Amino acid sequence: MNTLNENGTAVIDIQGITKTYTVGEIDLQVLKGIDLRIEPGEFLSIMGPSGSGKSTLMNILGALDQPTTGTYLLDGIDVAQLQEKDLARIRNKKIGFVFQNFNLLKRTTAQRQVELPLLYAGGGGNRSLWAKTALEAVGLGNRLAHLPSELSGGQQQRVAIARALVNQPTLILADEPTGNLDTLSGKDVMQIFQKLNREQGITTVFVTHDPWIARHTNRVVMLRDGLIIADQPITNPLDADTAERPSEAEELATVFENAYYGGKAVEYN
Ligand code: ADP
Ligand code: MG
């Protein structure tokens with residue numbers, strides 16, 4: 001963890017990032033001065049209440065949007081200086097995206113979905129073989145010809161992960177990747193992300209609402225009202241292979257212990 005690459009370049013190095021949206025005559029400052037440095041091989045989650053600016057920050061990290069002020073070096077490249085065409089190229093080459101809703105094409109096989117980024121990247125090489133290898137890496141070597149409708153939610157998300165991986169990106173950005181999955185599929189997906197991070201050292205940034213998911217990563221950044229209010233390492237991250245999520249009742253019990261709204265917990269049953 002936190003190993004520097006040869007140049008000592010951070011994967012993400014942002015300083016003093018602000019973002020202001022203008023709606024009608026009103027300026028809304030959504031990010032108010034964010035500094036964040038993420039080293040190669042880190043596995044980090046961004047948490048925070050709805051509206052705190054998580055998606056806005058992810059869009060900037062993903063070079064999908066430009067900040068209003070501040071600097072962003074992505075793998076040493078000054079992203080703010082780039083025109084849209086170059087931005088798109090950098091995005092395709094350096095970043096793999098995974099979304100809550102999988103964002104798969106309905107009438108396209110798993111294999112073809114994973115070939116698409118290679119097609120856009122324009123290089124030569126054996127696209128079909130690389131796509132197959134990426135699908136095998138997420139345990140879907142036997143689902144190459146399946147359409148999304150023929151796959152479970154967890155399997156669809158694994159296709160999306162294979163698609164994010166196939167260009168060998170420097171960075172994976174995932175916005176609530178387990179948000180639409182049941183506990184078991186969420187666990188499969190976390191196993192894959194942990195494995196990729198541990199074995200291939202892929203830098204991974206998650207947005208999640210779920211503290212259980214965040215505890216599988218190595219560092220948590222907490223946003224509130226457009227500012228980072230906490231940035232802490234997780235000393236003993238959960239291992240997705242073995243960690244058992246407590247039952248809902250057990251989770252509720254702790255909630256009640258900490259914060260039931262007057263009266264005793266038993267009075268709520
Ligand atoms: P989060 O992902 O943490 O829920 P967002 O980054 O989506 O938060 O949004 C933060 C704030 O910025 C919200 O108040 C939202 O309404 C506002 N916002 C987001 N995108 C836009 C936009 N394109 N135009 C105007 N306001 C926006
Ligand atoms: Mg959001």
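Predicted model: local features only at pLDDT ≥ 70, side-chain atom pairs only at ≥ 80, totals over all residues.
**Entry 1. Surroundings of ligand 1**

The shell holds four nonpolar residues, seven polar residues and one charged residue. I then listed the residues themselves. Ligand 1 is surrounded by Tyr-21, Val-23, Leu-28, Val-30, Gly-48, Ser-50, Gly-51, Ser-52, Gly-53, Lys-54, Ser-55 and Thr-56. Strand E1 (12-23), strand E2 (26-38) and helix H1 (54-61) are the elements that each give two or more residues to this shell. Which element gives the largest share? I found that H1 does, with three residues.

**Entry 2. The protein as a whole**

I next recorded the overall counts. The protein has eight helices and 10 strands. Of its 269 residues, 36% are buried. I also looked up how far apart in sequence the contacting residues lie. Among contacts between residues at least 6 apart in sequence, 69% join residues at least 24 apart.

**Entry 3. Tyr-72**

I located Tyr-72 in strand E4, which covers residues 69-74. Is Tyr-72 buried or exposed? I counted 21 other C-beta atoms within 10 Å, and the cut-off for a buried residue is 20 or more. Tyr-72 is therefore buried.

I then noted its partners. Leaving out residues up to four places away in sequence, Tyr-72 touches Ile-14, Ile-17, Ile-60, Pro-67, Val-79 and Ala-80. For one of these partners, Ile-17, I also looked up a distance. Tyr-72 and Ile-17 are 55 residues apart along the chain, and 7.8 Å separates their C-alpha atoms.

**Entry 4. Two positive phi angles**

In Ala-63, phi is about 60 degrees. Ala-63 is found in the loop between H1 and E4. Ala-63 counts as buried because it has 24 C-beta neighbours inside 10 Å.

In Asn-103, phi is near 50 degrees, which is also a positive value. The place of Asn-103 is in the loop between strand E6 (95-99) and H3. Asn-103 has 12 other C-beta atoms within 10 Å, and 12 or fewer is the cut-off for an exposed residue. I therefore recorded Asn-103 as exposed.

**Entry 5. Helix H3 and its cover**

I turned to helix H3, residues 110-121. Its buried residues are Ala-110, Gln-111, Gln-113, Val-114, Glu-115, Pro-117 and Leu-118. What covers these residues? I found that the cover includes helix H2 (84-94), helix H4 (127-137) and helix H5 (153-165). After H3 comes Gly-122, which has a positive phi near 80 degrees.

**Entry 6. H3 against H4**

Two packed helices are described by the angle between their axes and the distance between the axes. I looked up both values for H3 and H4. The angle is about 120 degrees, and the axes are 8 Å apart. H3 and H4 are therefore oblique to each other. The crossing in which H3 passes H4 is right-handed.

From H3, the residues in this contact are Ala-110, Gln-111, Val-114, Glu-115, Leu-118 and Leu-119. They meet Arg-127, Ser-128, Trp-130, Ala-131, Lys-132, Ala-134 and Leu-135 in H4. I sorted the contact by class and recorded eight nonpolar, two polar and three charged residues.

**Entry 7. Arg-163 in H5**

I placed Arg-163 in helix H5. Arg-163 is buried, because 26 other C-beta atoms lie within 10 Å. Which residues does Arg-163 contact, apart from its neighbours within four places in sequence? I listed Gln-113, Val-114, Leu-116 and Pro-117. The C-alpha atoms of Arg-163 and Val-114 are separated by 4.3 Å, although the two residues are 49 places apart along the chain.

**Entry 8. H5 against H6**

Last, I looked up how H5 packs with helix H6, residues 183-200. Their axes are 9 Å apart and form an angle of about 20 degrees. Angles under 35 degrees count as roughly parallel, so H5 is roughly parallel to H6. The crossing of H5 and H6 is right-handed.

H5 contributes Gly-153, Gly-154, Gln-157, Arg-158 and Ile-161 to the contact, and H6 contributes Ser-185, Asp-188, Val-189 and Ile-192. By class, I recorded three nonpolar, four polar and two charged residues in the contact of H5 with H6.

Notes: Residues numbered from 1 in each chain as written. Chains lettered and ligands numbered in written order. Near = placed C-beta within 6 Å. Helix = DSSP H or I, 4+ residues; strand = E, 2+ residues; numbered from the N terminus. Nonpolar A, V, L, I, M, F, W, Y, C, P; charged D, E, K, R; others polar. Contact = placed C-beta atoms within 7 Å. Axes fitted to C-alpha atoms, helices over the stretch in contact; angles between N-to-C directions. Parallel < 35°, antiparallel > 145°, perpendicular 65-115°, else oblique. Left-handed = near helix turned anticlockwise from the far one by under 90°.
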